[in-house]
Amino acid sequence: MAINDDVLVIGGGIAGLTSAIAAAKTGAQTRLVTHKQSTLGNASGLVDVLGYAPGEDTPLSDPFEAFEQLPDDHPYSKVGADAVRDGLALFDDAVGDEYLGDHAETNALVPTHAGSVKPTARYPRSIAPGLASDDRDTLLIGIDSVTGFDAPMAADHLDAVGVPFDVRGETVRFPKSFPQDADVTRYARALDRNEPTDDGPVRKVLAARVDDRLDGEGRVGFPAVLGDSRHETVRTELQDRLGVDVFEVPTGPPSLPGLRLEDALYEAAEDAGVRITSGNPIVDYDADNGRVEQVLLDRLGSEVPYKAQQYVLATGGAVGGGIESDRDVVTESIFGLPVEHPDDRYEWFDDDVWGDHPYTKFGVSVDADLRPVAGDDVQFENVRAAGSVIGGYDFATEKSGCGVSLATGYVAGNTAGELL
Amino acid sequence: MSKQAQSETFDPVDVSPNAMEMDLRPGADKCDKNSNCETVCPVAEVNEDFPGPKFQGPEQWRLTRKGDLEFDESVDKCLNCMRCDTACTNDVPLGQMHNVARANYVDNQMSHASREFLRNKMLANYGILGKLGSMMPRISNTVFGLGATRWINEKLLGFPSERSFPDFATQTFRGWWSDRGGDATSAERAREARKARGEDGEDKKVAFFHGCYANYHQTEVAKSMVRLYESLGYEITVPEQSCCGTPMFANGMLEDARGVAEQNVDTFGALVDDGYDLVATCTSCSMALRKEYPELFDIDGIDEVASHMFDAVEYLRVNEDLEAELAGADVDFPAMTYHAPCHGEVMGVEGIATELLADVDGVELDDTGDVCCGLAGTYGWKEEKYEDSMEIGAEMFEAFEEAPGEVALTECPMCSAQIEHGTGYEVKHPMQLLETALVES
């Protein structure tokens, strides 16, 4: 006896969560199956749509303006700009006032931990005062034991890219000491709880140490460790004590803005009535007459069937495990869907490290309805793909990862739900 | 020869085909230090001196390869919740690595004459203690409840005096089972139920792994399981069995665990061969047989046992149309709050009952969210770890306070002990609710 739902979404990243919420909102009984609980710890928490047009080095002001330049097999060309807007609307609704940027279609420029600026469509509230379009002078504060953010270096880089304000970097000691290589969550927890130190509560002492370095700047940026569950309280107290705006600079994994986004999206999915099954991977399927009948979940050695009318495949690309390769061939990992790639694997990459690597665009091909195809042939009439399991775009170079996930997730989930 | 042709003649070989120790290298190599594991570790959250799961697993494994460095004693502070396993996006077998590291530490570095070792040995082999205690349950309950006993336990043995020892049931589950007529009665009742359900001739057979706690303490959970399964047409057998080994893994006593694993694999493997599926009501018992045995031991038949081992709620969800069964149910439950056990999450079986019950008339259910209870089997039973145990549990206690319900729901007997200790709530197992909804109503 299979576990039965209307729509089954495979994958727990942004594409999967978006699909599941979109499907559930049509009234379909929706289940999301995710192998691992946590998938957004690697995400910056920024939500981009399109940062760079193909072959361009200058960030786009309006991402939608460049859609016409995208090749036909780009996911945006398949679903169109309105799908992106629908995906963003779903996102805005799901995360509420945790995120900003929905007042305009233009990109915001967010300073990163490496001192570059990233064009992005939506950004967390905690990052907002740091935008590079704002001309207030900026002090970046590094914490000596948080190795992922070198504030003086980031400041120099921002200066070099020509931001329209003066920026300086200083490094301070955190008021509490942790064992070497302590994780960002330790700092966040200490700030969440405002833990006591010899010199007073941790937020107060940190603010005092930063105040000593402040030299008339109108805002102060910290690595993204300013609290987890109570992050707005932490940031507000630091702002009040310093008398200037305080913002976070997104840092690498495990990224607190990414984890906060994960919490917000899972909460939205649960509120929408999505059933969530986590801990085991979907590994196989049974199909009949061009339709997937059921998928099989591997629960540590035996397989359990999960059945639905419609399926959404949102398992990610090579990093997420949705696309896999051996020494000869690249395929999609559950349904064995074909992935277009050169026969010679020495043509999968470019010899220049910073070159144009073909593998970055590996993924399944889809029709306008997001159903995976081989050539022109739809592989299964009731399977749609969403997010980076789809090929044809290089999200890291063009800065389009979240936007593609939201747009294709919305279309795949909404269509699956509407078809019932 | 081209680059490509060269690489195609490359034929990887196993350099240590006869190694007796399991090779943890592939697991360690998968770690890319993204530290997602660290963000979910309940011990790291409350104990800032604890190097988290990434260190305890892949890093410690590499550091100790040459034999010139000892295992760090902090591995003893890992509570074996395996939340890191569920968090790792690269499939690093952190739980397995921690079990091996802990066993190395306990075997080679911990003084076997120390008070901690003796106490841990007692905790690890709770099955024996439970057997003795349950022989004279009333006397045991009185003795364990005495202030003097608690004082001695803390001062001499290192058990926290704050905790009261769980009461022994006046009759063990096995005693009840045997008085009731054992397998023959079960087969008869299941046959009648199948007939009433129009399922003639179906082969529905399960072997019940009750473990220690449901046999000596929470016997009502085991009895509910029996009555519920029989009502759905399942014949049950309850073979002689050993402790699952969970407390042994958690205390680094891998050889003790191997002993019980060999016995259990032998017994339950034979039943699998006879067409039985295996079920347990305790999520730590099912996890031991399903995940830890094959991760840690190479025993003949172990994979068959592991792949046939199910959580009792999960098994019914997979094999019966519980949604249809529950559709007509109308129950009068008090408002309840569910707590998902960590080991249930590791197997992906948490919350199955709440998903099903949520739509039933008369059910009001909340959830404590994704938090560890802090008891972790034997961990919270150690005087020096009591404070950490309660601090880890604080988030769960708060969640219970905030939720409207005053009855708790969980699959794990150890979580339930911690819930009782920290909140005073009555605790139910999903089997008991499902029995009420499906058999009694």
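Two strands are taken as paired if DSSP finds at least two bridges between them. In the predicted model described here, an open sheet in chain B meets that criterion with four strands in the order E6-E5-E7-E8, and the pairing is parallel. Strand E6 (365-367) and strand E8 (426-428) of chain B stand at the edges. Each has a single partner strand, so one side of each is left without a neighbour in the sheet. From one strand to the next the twist averages 30°. Within this sheet, strand E5 (residues 336-338) of chain B pairs with E6(B) in the parallel sense, over three bridges. Opposite Met336(B) stands Leu365(B), a residue of E6(B).

Chain B also contains helix H14 (residues 219-231). H14(B) has 13 residues. The distance from its first C-alpha to its last is 18 Å, close to the 18 Å expected at 1.5 Å a residue. The helix is mostly covered, with ten of its 13 residues buried. Among them are Val221(B), Ala222(B), Met225(B), Val226(B), Leu228(B) and Tyr229(B). Gly233(B) follows H14(B) and has a positive phi, near 95°.

Asn108(B) has 9 other C-beta atoms within 10 Å. The limit for an exposed residue is 12 or fewer, so Asn108(B) is exposed. Phe71(B) is 37 residues away from Asn108(B) along the chain, and their C-alpha atoms are separated by 9.2 Å.

In chain A, strand E3 (residues 30-34) is mostly covered, and five of its five residues are buried. In a regular strand, side chains alternate between the two faces of the sheet. Thr30(A), Leu32(A) and Thr34(A) point one way from E3(A). Arg31(A) and Val33(A) point the other way. Burial extends to all of these residues.

E3(A) has parallel pairings with E2(A) and with E14(A). Strand E2 (residues 7-10) of chain A joins E3(A) over four bridges. Here the bridge partner of Ile10(A) is Val33(A). Between E2(A) and E3(A) the chain passes through helix H1 (residues 14-25) of chain A, and this β-α-β crossover is right-handed. Strand E14 (residues 275-278) of chain A is likewise joined to E3(A) by four bridges. In that pairing, Arg31(A) has Arg275(A) as its bridge partner.

At the level of domains, chain A is divided into domain 1 (3-99 + 259-418) and domain 2 (113-249). Their C-alpha centres lie 33 Å apart. The two domains do touch: 17 residues of domain 1 of chain A are in contact with nine residues of domain 2 of chain A.

Gly252(A) is placed in the loop between strand E13 (245-249) and helix H8 (256-271) of chain A. Gly252(A) has 19 C-beta neighbours inside 10 Å. Burial requires 20 or more, so this glycine counts as partly exposed. Leaving aside residues up to four places away in sequence, Gly252(A) touches His113(A) and Gly148(A). Thr34(A), by comparison, is 218 residues from Gly252(A) along the chain, with 23 Å between their C-alpha atoms.

Note on methods. Residues numbered from 1 in each chain as written. Chains lettered and ligands numbered in written order. Predicted model: local features only at pLDDT ≥ 70, side-chain atom pairs only at ≥ 80, totals over all residues. Helix = DSSP H or I, 4+ residues; strand = E, 2+ residues; numbered from the N terminus. Right-handed = clockwise from strand over helix to strand, strands pointing away. Axes fitted to C-alpha atoms, helices over the stretch in contact; angles between N-to-C directions. Expected span 1.5 Å × (residues − 1). Domains from an automatic or database assignment. Contact = placed C-beta atoms within 7 Å.
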